[in-house]
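Look over the sequence and the model before reading on.

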Amino acid sequence: MLTPALIGTASVAGRRWGQGVSGWLVGLPLTSGPVAFFLALEQGVSFAGASAGGALTGAIAEAAFCLAYGRLAFRGRWPAALLGSCAAFGLVALVLQPLALPLAWLFAGAVGALVLARSLMPRGSRARAAAVPNRWDIPARMAVTTALVLLLTSAAPVLGPRLAGLLATFPLYAAVLTVFAHHVEGPAPAVEVLRGLLLGLFGFAGFFLVLGLLIERAGLATAFGAATAVALALQAGSLALVLGRK
């Protein structure tokens, strides 16, 4: 129940305040955070702590996803851009996932990847026209989100903690927002979604760094409370950049 409520709220807020805000909001660990919490309840805190490394690896892969889509968006239609960005995510994830690097290194790599990807994102012309919301859009996102959480938590014992944490970071909702903006308004609004997402992922990376460091030492409640506080603080700090379109 928590997962669809979070996604529904983020979708409504993003629709009201613009494409960049929409991407920024879904940068929060709205899916992977609940997945980590449910993993901790079902598989134990050690399992959930190990999944934080996979999540930080996923943040680096998400930066590759955003950059690939942004560079391809102005060269063709959304299917080609989506295919290329998914391939970039998968390639980076496959290279990094087996390395099992320390959390501090993964966090530093995630921050560096996000900064680099945002600096290389293209800037284009304005949208063709304002998007017309579909009444089934938000319910569909909520249903898909819930299904993904259930699938990942059910498959976690088979996938293992790092792979479960990594797959939970695939930018499914950002991809939906980006494709919709690209199809209806053109490539520039799609890129704005991704630029917002890159800023939102700093809070995501902070969340999983704190979670991975604290969950076995301080317990479930303290770790998730501290991780959430850090993520919200970083997210608040990046809001001015999103609203300023910088």
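In this predicted model, helix α4 (residues 45-73) packs against helix α5 (residues 78-96). Their axes come within 8 Å and cross at roughly 150°. Axes are lines fitted to C-alpha atoms, for helices over the stretch in contact, and angles run from 0 to 180 degrees between N-to-C directions. Helices (H or I, at least four residues) and strands (E, at least two) are DSSP runs, numbered from the N terminus.

**Helices α4 and α5**

- Their angle makes α4 roughly antiparallel to α5. Angles over 145 degrees count as roughly antiparallel, under 35 as roughly parallel, 65 to 115 as roughly perpendicular and the rest as oblique.
- The crossing of α4 and α5 is right-handed: the near helix is turned clockwise from the far one by less than a right angle.
- On the α4 side, the contact (heavy atoms within 4.5 Å) includes Thr-57, Gly-58, Phe-65 and Tyr-69. On the α5 side, Trp-78, Gly-84, Cys-86 and Phe-89 are among the residues involved.
- By class, the α4 and α5 contact has 18 nonpolar, 4 polar and 1 charged residues. Ala, Val, Leu, Ile, Met, Phe, Trp, Tyr, Cys and Pro count as nonpolar, Asp, Glu, Lys and Arg as charged, and the others, Gly among them, as polar.

**Thr-57 in α4**

- Thr-57 lies in helix α4 and is buried, with a relative accessible area of 1%. Buried means under 20% relative accessible area, exposed over 50%, and partly exposed in between (1.4 Å probe, protein chains only).
- A polar atom of the Thr-57 side chain lies 3.0 Å from the backbone oxygen of Gly-53.

**Helices α4 and α9**

- Helix α9 covers residues 172-185. The axes of α4 and α9 come within 12 Å and cross at roughly 10°.
- That angle makes α4 roughly parallel to α9.
- Phe-65, Tyr-69 and Ala-73 of α4 meet Ala-175, Thr-178, Val-179 and His-182 of α9.
- This contact of α4 with α9 has 5 nonpolar, 2 polar and no charged residues.
- Thr-178 lies in α9 and is buried at 0% relative accessible area.
- Leaving out residues up to four places away in sequence, Thr-178 touches Tyr-69, Ala-190, Val-193 and Leu-194.

**Helices α2 and α10**

- Helix α2 (residues 19-26) and helix α10 (residues 187-218) pack at about 35°, with axes 6 Å apart.
- The crossing of α2 and α10 is right-handed.
- From α2, the contact takes in Gln-19, Gly-20, Gly-23, Trp-24 and Val-26. From α10, Pro-189, Glu-192 and Val-193 are among the residues that take part.
- The α2 and α10 contact divides into 6 nonpolar, 5 polar and 1 charged residues.

**Ala-229 in α11**

- Ala-229 sits in helix α11 (residues 220-244). Its relative accessibility is 47%, so Ala-229 counts as partly exposed.
- Ala-229 and Gly-206 are 23 residues apart in sequence and 9.5 Å apart in space, C-alpha to C-alpha.

**The whole chain**

- The protein chain has 11 helices and 0 strands.
- Of its 246 residues, 50% count as buried.
- Among contacts between residues at least 6 apart in sequence, 84% join residues at least 24 apart.

**How to read the values**

- Residues are numbered from 1 along each chain as its sequence is written, and side-chain values use heavy atoms, with hydrogens and water left out.
- Local features need pLDDT of at least 70 and side-chain atom pairs count only at pLDDT 80 or more, while totals for chains, interfaces and linings use all residues.

Key: Polar contact = N/O pair within 3.5 Å; in protein donor to acceptor, adjacent residues only side chain to side chain.
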